[in-house]
Amino acid sequence: MTALHEAPPATERRSAPAAPSRRGRRLVRMVLAYAALLVAAAVVLLPFAWMVSSSLKRNNQVFSVPIQWIPEELRWSNFVDIWTQIPLATYLGNSVYLSVVITFLQLLTGSFAAYGFAKVRFPGRDLLFLLYIATIAVPWQAYMVPQYIIMHQAGLTNTHLSIILLQAFGAFGVFLMRQYYMSIPDELCEAARIDGLSEYGIWWRIMLPLSKPALASLALLTFVNTWNDYMGPFIYLTSNDLWTIQLGLRSFVGMYSVEYAMIMTGAVLSVLPILVIFLFGQRYFIQGIATSGLKG
């Protein structure tokens, strides 16, 4: 009976409160992490909130001090009037056209070239890939003038085709897709070759269906980059009918320098497509970016 009521060893008595203490520290770290994320999110969203608020104000209320985040009178008419002041539908249509076409071509060329660098063995493959990826480090300003000379001599300036041809290929897309392809077992390709499937068939029927997260990530990044591009259309497009939303808003600022509320309205309308696409594709975007870094 005395053995049954014997006190536990001193080491067990000291280690018992350790688990609640660790859980408490973990909870504190989690709370601090979430608080930091909330602060960071608020800082990032603050300019967007000010832009939306300003788009619903009068011009003399945009820069009022202190800032009135919720206007007393919500001027929804700004989102109707802007369509009549500038050809906003034309600008948005041009941006959508260029973004969709360039995104499709980037997915096609990037995934196909990445398959060759990841799953096809040929002499000098790794060196060629390294040289191709090294072009990312070259600033665009270094070859901007030669590109324009080539397009001018080909008679492609002031056409959408010049923008499409210059942006249809990208080293970053090849790098991103290759990293994802490296995480797919080579045994799948070897088995497909034994069954008589060609390299084109392996890429189309095996690699592409398995790489949807990486394709979604590349599509989102390319679409956003093309949509926000200002210098490319500014250099190659001179006709107002070919301008994108970025050029249109810049010209709107020049013509209506005091129409601050309308400028903010145009900015909100230009951001909405990107916001919708990201909200629908964020799951695939995060998964593709995370998985693409597993293997190098």
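User: Why does threonine 265 count as buried here?
Analyst: This is a predicted model, so everything below is read off computed coordinates. Threonine 265 is found in helix α14, residues 260-291. Buried means under 20% relative accessible area, and threonine 265 counts as buried because its relative accessibility is 0%.

User: And which residues does threonine 265 touch, leaving out those up to four places away in sequence?
Analyst: Contact here means heavy atoms within 4.5 Å. With residues up to four places away set aside, the partners of threonine 265 are Ser55, Asn78, Phe79 and Ile82.

User: Zooming out, how many helices and strands does the protein chain have?
Analyst: Reading along the sequence, you get α-α-α-α-α-α-α-α-α-α-α-α-α-α. That comes to 14 helices and zero strands.

User: What share of the chain's contacts joins residues at least 24 apart?
Analyst: Take the contacts in the protein chain between residues at least 6 apart in sequence. Of those, the share joining residues at least 24 apart is 73%.

User: Which element gives the most to the largest nonpolar core?
Analyst: That core has 23 residues, and Tyr115, Met177, Tyr181, Ile202 and Met207 have the most contacts inside it. Two or more residues come from each of α4 (88-119), α5 (125-134), α8 (171-182), α9 (186-194), α10 (199-210) and α11 (212-227). With six residues, the top contributor is α8.

User: How many residues are in the second, separate core?
Analyst: Among its members are Phe79, Ile82, Phe223 and Val268. Phe79 and Ile82 also turned up as contacts of threonine 265. The count for this second core is 20 residues.

User: Now the open spaces. Which element gives the most to the lining of the largest pocket?
Analyst: About 850 Å³ of space lies in that pocket. Of its 27 lining residues, the closest to the centre are Gln106, Tyr143, Phe169, Gly170 and Asn225. α4, α7 (160-167), α8, α11 and α12 (231-236) give two or more residues each, and with five residues the most comes from α11.

User: How many charged residues are in that lining of the largest pocket?
Analyst: Sorted by class, the lining has 16 nonpolar and 10 polar residues. The charged count is one.

User: What about the second largest pocket: which element gives the most to its lining?
Analyst: This pocket has a volume of about 150 Å³, and its lining is Phe104, Leu107, Leu108, Ser111, Trp203, Trp204, Leu208 and Leu215. By class that's seven nonpolar, one polar and no charged. α4 and α10 are the elements giving two or more residues; with four, the most comes from α4.

User: Which element supplies the largest share of the lining of the largest cavity?
Analyst: The structure holds one cavity of 30 Å³ or more, and the largest has a volume of about 50 Å³. Its lining divides into four nonpolar, five polar and one charged. α4, α7 and α11 each supply at least two residues, and the largest share, three residues, comes from α4.

How values were computed: Residues are numbered from 1 along each chain as its sequence is written. This is a predicted model: local features need pLDDT of at least 70, side-chain atom pairs count only at pLDDT 80 or more; totals for chains, interfaces and linings use all residues. Side-chain values use heavy atoms; hydrogens and water are left out. A nonpolar core is a set of buried Ala, Val, Leu, Ile, Met, Phe, Trp, Tyr and Cys residues joined through side-chain atoms within 4.5 Å. Buried means under 20% relative accessible area, exposed over 50%, partly exposed in between (1.4 Å probe, protein chains only). On a 1 Å grid over the protein atoms alone, a cavity is a set of points where a 1.4 Å probe fits but cannot get out, and a pocket is an open set with protein on both sides within 12 Å along at least five of seven lines; lining residues have an atom within 4 Å of a point. Grid points are joined across faces, edges and corners, and a volume is the space filled by probe spheres set on the points. Ala, Val, Leu, Ile, Met, Phe, Trp, Tyr, Cys and Pro count as nonpolar, Asp, Glu, Lys and Arg as charged, and the others, Gly among them, as polar.
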